[in-house]
Amino acid sequence: KEFAAAKRKLISLCEELDVDQSGELSFEELMTGLETNPRFSTVMSSMDVSADDMHVIFHMLDEDNSGSVTYTEFVEQLHKLKSQDTHTMLIFIRGFLKDVRTKVMDQLEITKGEISLRTQDLVRDMK
């Protein structure tokens, strides 16, 4: 009952933050809300969510990399993140790090390919 009331309040705040009225929140809308909406900032502060935390939380919630999350998804997942035990948090962090590692490795392969092509071009030009 308590969570349901808090959820409705936070969803209402999310609607206020949704500048483009898309029904979803972008990272920029959330950060602007933290900076300019005292009620949203207070709620996030009471949940011990800082601007730095918001970056990590948003990217964990935006699983499809669409650049936005629905109000409900944001509220429910934020509640789960903040109410789970340490073991669950470690699992979330491990998943996030796995995703980061994959992206870094993909970028490394792209960079290696570009370096190889440029090296071949330089060798060819020297001949």
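**Entry 1: Arg-39**

I looked up Arg-39 and found it in helix H3; helices here are DSSP runs of H or I with at least four residues, strands are runs of E with at least two, and both are numbered from the N terminus. The model is a predicted one, in which local features need pLDDT of at least 70 and side-chain atom pairs count only at pLDDT 80 or more, while totals for chains, interfaces and linings use all residues. Residues are numbered from 1 along each chain as its sequence is written, and side-chain values use heavy atoms, with hydrogens and water left out.

I noted that Arg-39 is partly exposed, because its relative accessible area is 47%; buried means under 20%, exposed over 50%, and partly exposed in between, with a 1.4 Å probe and protein chains only. Leaving aside neighbours within four places in sequence, I found Arg-39 in contact with Leu-13 and Glu-16, where contact means heavy atoms within 4.5 Å. I also checked Asp-52, which is 13 residues from Arg-39 in sequence and 18 Å away in space, C-alpha to C-alpha.

**Entry 2: Phe-40 and the core**

I next looked up the largest nonpolar core, which has 25 residues. Such a core is a set of buried Ala, Val, Leu, Ile, Met, Phe, Trp, Tyr and Cys residues joined through side-chain atoms within 4.5 Å. Those with the most contacts inside this core include Phe-40, Leu-10, Met-54 and Phe-74. The elements that give two or more residues to the core are H1 (2–17), H2 (27–36), H3 (38–46), H4 (51–61) and H5 (71–83).

Which residues does Phe-40 touch, leaving aside its neighbours within four places in sequence? I listed Leu-10, Leu-13, Leu-17, Leu-30, Gly-33, Leu-34, Met-54 and Phe-74.

**Entry 3: Leu-17**

I placed Leu-17 in helix H1. Leu-17 counts as buried because its relative accessibility is 5%. Between Leu-17 and Phe-40 I noted 23 residues of separation in sequence and 8.7 Å in space, C-alpha to C-alpha. Beyond neighbours within four places in sequence, the contacts of Leu-17 are Leu-25, Glu-29, Leu-30, Gly-33, Asn-37 and Phe-40.

**Entry 4: Gln-21 and Ser-26**

I followed the chain into the loop between H1 and S1, where Gln-21 is found. Gln-21 is not a glycine, yet its phi is positive, about 55°. I recorded Gln-21 as exposed, because its relative accessible area is 60%.

Ser-26 is found in strand S1 (residues 24–26). Is Ser-26 buried or exposed? At 16% relative accessibility, I counted Ser-26 as buried. Apart from neighbours within four places in sequence, Ser-26 is in contact with Phe-58, Gly-67 and Ser-68.

**Entry 5: Helix H4**

I found Met-54, Ile-57, Phe-58, Met-60 and Leu-61 buried in H4. These residues are on the same side of H4 because they cover an arc of only 160° around the axis, the arc being that of the directions from the helix axis to the C-beta atoms.

**Entry 6: The largest pocket**

I then looked up the largest pocket, which holds about 300 Å³ of space. On a 1 Å grid over the protein atoms alone, a pocket is an open set of points where a 1.4 Å probe fits, with protein on both sides within 12 Å along at least five of seven lines; lining residues have an atom within 4 Å of a point.

I noted 14 lining residues, of which His-59, Met-60, Leu-61, Asp-62 and Glu-63 lie nearest the centre. H4, H5 and H6 (86–126) are the elements that give two or more residues to this lining, and H6 gives the largest share, six residues.

Glu-63 lies in the loop between H4 and strand S2 (68–70). I recorded Glu-63 as exposed, because its relative accessibility is 71%.

Conventions: Grid points are joined across faces, edges and corners, and a volume is the space filled by probe spheres set on the points.
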